[in-house]
Amino acid sequence: MKPSQLSSPTSISADFALSKYCSDWTHHPVYGDASFDSFERLPGNPVCRGTDEYRWPVNGSLFKDPASGNWYLYVGWYKQGYAIEEGSRSHCIVFRSEDKGKTWQRCGDPIAGIGSHIFEGEISPLWSSPDTAVCYKDGLYHMSFDWTTAGITWENIVANDPEFNSGAGYAVSDTPAGPFQPVTAYLNTRDNALLLGKYKRTYASTILPRQSDWIALTLVDSQDYFGWGLLGQTSARPEGPWTKPKLLLHPQLDRYFPPLLEYFPAFIHAGYIYSPATSVAGNRNYQAMFRTPIEDAMYTDAWELLQDGSVWHSEPVEAEHHGIWGQTFSGFIDDDGTFYVMFPSRDPEDRGTIGLARRDWNQPMRERGFVVSGHVSPSITVLRHDTELQHLHSSLTITGTVQIIWNHRGPFAPDSPSSGCGLHPLMRTCFDALELSGEKWALIRYDERGNRLQTAGGKIESSSVRNIDLRMDGNTLKITLDDSICWEGPFQSGKGRVGLWVEPYSRVEIEEFSIEGSVSETATAFLYQDAVLNAAQNMSDWKIVSGDMFRYGEGIISKTDTGEAKWNFIGGGFALWAPTGSLYGKGELYLDGTMLAEIDFNSPDDRPSHIVYQKRDIPHGRHSVRIKVADGRIPVDTLEAFSNPVTVHS
């Protein structure tokens with residue numbers, strides 16, 4: 001089946017390694033991120049590393065004491081795999097630095113009352129308290145922390161058992177190292193009402209002062225729906241009472257919104273609250289930054305997605321083997337405008353690590369150069385337009401195995417709509433690639449079934465730094481590696497997306513990525529798994545169906561009257577593909593929260609997947625398309641998003 005008619009081509013000559021072209025690259029919580037961020041590491045990383053008993057110090061926060069100028073690092077220590085074991089508890093350890101992070105002194109657990117303090121309404125005492133964030137006001141240090149009672153397990157953590165509970169709490173101290181005295185549990189999971197029918201367990205909270213009250217921002221998850229949200233509460237005093245929690249950010253919002261994000265901790269700067277967030281897909285290389293005016297933070301519409309990827313990159317060192325892992329970075333803006341952060345990762349031995357980094361707050365991106373990394377799964381980033389390639393020149397530094405790809409026409413989807421997901425197998429279809437790995441190179445074509453067909457290959461001198469030149473002259477391709485022609489021959493090229501594929505535990509840093517050719521609108525197909533993930537749906541509410549009725553051989557049919565699916569895309573139009581037939585009912589179609597049409601999937605004869613609705617000429621940018629069950633059962637197949645090359649010829 002052919003996609004709808006696309007725009008006519010436009011000639012280009014551009015270096016896409018310049019950060020002014022950042023928005024031309026794809027940035028996605030699952031698929032990968034081309035990050036132009038300007039973070040640089042501080043010497044002495046990692047600050048700490050997991051032990052045999054507590055292998056995962058993978059959460060934390062960084063605080064500068066306005067009274068003394070000292071830095072304080074609050075690190076949450078967990079058992080491997082977040083295991084909960086009798087007699088062992090997740091806990092926080094605070095470290096102090098008097099020389100801006102050059103050296104650190106261990107100060108111990110900052111929270112008092114462990115094993116003895118009982119919050120009002122609880123039976124069991126406070127036990128675990130790993131994730132903490134601290135702020136300062138009126139001569140006191142105010143801590144928010146997540147907590148569990150003694151005896152908690154993953155099995156009873158969300159049950160309505162009066163003996164076991166978890167949530168977010170408040171403690172206070174007159175020193176940043178503590179001891180912090182627990183005062184109140186302003187959130188508890190047991191009594192927390194289900195929000196949107198799925199969000200319940202609360203943890204990882206930040207308390208911040210506002211002009212005339214306080215605000216608490218707390219992470220909440222939905223378990224088997226694989227959606228995470230940010231709750232907001234306010235109080236006249238940090239000890240409460242606090243208002244009922246309000247769901248502020250979550251993937252089901254009627255707008256473009258990246259899925260699989262955990263938010264913690266937030267911080268204040270120049271009248272705004274900033275909430276960085278990390279993807280919990282298998283590849284921990286995507287971060288986002290949300291922002292709101294501090295006094296408007298309880299209004300969802302006041303929150304903006306300030307940076308959608310291109311926020312953070314991983315370095316090719318053993319302490320950052322797994323990318324950012326556990327939470328995203330946390331920090332403060334110093335008086336000279338430097339943004340200092342701590343960040344967690346895991347090393348090859350599966351020990352958590354905590355490191356430090358910095359950047360100029362006012363220059364979040366470098367002028368030239370970006371990084372793409374793969375960790376437990378491959379990563380892909382492509383330019384948001386089709387290119388008929390004539391010439392590509394790139395200077396790059398490689399760790400592991402990397403492919404420069406072109407003519408990419410495959411669909412996009414996660415391999416499963418869940419945390420820890422990777423790339424769908426169909427993403428490695430329908431493209432050509434120059435693969436570079438150690439001392440080897442190969443010219444490869446992946447067909448529509450994902451078969452790997454090698455046209456040429458050979459050995460090259462070992463080096464991590466490469467200069468690549470691909471030149472198409474008619475139906476002849478010439479490949480030059482490090483100023484030496486290594487292959488020239490007949491090659492039938494075409495038109496598709498150009499980009500990079502990075503294998504697991506591999507990395508590429510691009511210094512130049514110059515392209516000559518012609519570009520035109522691309523039609524990118526997003527499969528049903530993408531729509532389920534973006535809508536935080538439970539797959540048990542859908543029936544998976546294989547066969548020729550669906551565009552790529554597989555789709556889903558709703559089992560319930562409340563089923564919905566949502567696609568995020570960046571572009572100026574879309575086409576909804578689905579089969580029709582006698583088994584189906586009707587659905588309501590929405591664009592950015594506005595209903596467009598009622599789609600009748602019912603027909604007397606079964607018809608394979610085709611365009612059932614198409615809309616063009618919407619403002620080019622971030623959008624969401626949602627389909628909801630209106631009557632009966634609806635099929636969900638593919639959304640084809642149209643993206644114009646608006647930047648390169650503006």
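Which residue in strand 47 stands opposite Ala565? The residue is Ile627. The model under discussion is predicted.

**Pairing around strand 47**

- Strand 47 covers residues 621-631 and runs antiparallel to strand 42, to which 8 bridges join it.
- Strand 42 spans residues 564-571, and Ala565 faces Ile627 across this pairing.
- Strand 44, made up of residues 586-591, is also antiparallel to strand 47, with 6 bridges between the two.
- Glu588 has Lys628 of strand 47 as its bridge partner.

- Four strands form an open sheet in the order 6-7-8-9, and their pairing is antiparallel.
- Strand 6 (56-64) and strand 9 (105-108) are the edge strands, each of them pairing on one side only.
- From one strand to the next, the twist averages 30°.
- Strand 6 and strand 7 (residues 71-78) run antiparallel and are joined by 8 bridges.
- Phe63 is placed opposite Tyr72 of strand 7.

**Salt bridges**

- The structure contains 32 salt bridges.
- One of them pairs Asp109 with Arg89, whose closest N and O atoms are 2.5 Å apart.
- This pair connects distant parts of the chain, 20 residues apart: Asp109 belongs to the loop between strand 9 and strand 10 (126-128), and Arg89 to the loop between strand 7 and strand 8 (91-97).
- Asp109 has a relative accessible area of 28% and is therefore partly exposed, whereas Arg89 counts as buried because its relative accessibility is 16%, under the 20% cut-off.
- Another salt bridge brings together the side chains of Asp221 and Arg201, at 3.0 Å from N to O.
- Arg633 is partly exposed at 31% relative accessibility, while Asp561 is exposed, its relative accessible area being 56%.

**Cis peptide bonds**

- Most peptide bonds are trans, and most residues other than glycine have a negative phi.
- Gly240 and Pro241 are joined by a cis peptide bond with omega of about 5°.
- Pro241 is located in the loop between strand 17 (228-235) and strand 18 (246-249).
- The peptide bond between Phe264 and Pro265 is cis, with omega of about -15°.
- Pro265 is located in the loop between strand 19 (261-263) and strand 20 (267-269).

**Positive phi angles**

- Ser310 is not a glycine, yet its phi is positive, near 55°.
- The loop between strand 23 (304-308) and strand 24 (330-333) holds Ser310.
- Ser310 counts as buried because its relative accessibility is 1%, which is under the cut-off of 20%.
- Cys430, likewise not a glycine, has a positive phi of about 60°.
- Cys430 lies in the loop between strand 30 (401-408) and strand 31 (431-437).
- Is Cys430 buried or exposed at 16% relative accessibility? Cys430 counts as buried.

Terms used. Residues numbered from 1 in each chain as written. Predicted model: local features only at pLDDT ≥ 70, side-chain atom pairs only at ≥ 80, totals over all residues. Heavy atoms only, no water. Pairing = 2+ DSSP bridges. Axes fitted to C-alpha atoms, helices over the stretch in contact; angles between N-to-C directions. Salt bridge = Lys/Arg side-chain N within 4 Å of Asp/Glu carboxyl O. Buried < 20%, exposed > 50% of the residue type's maximum accessible area, 1.4 Å probe, protein only.
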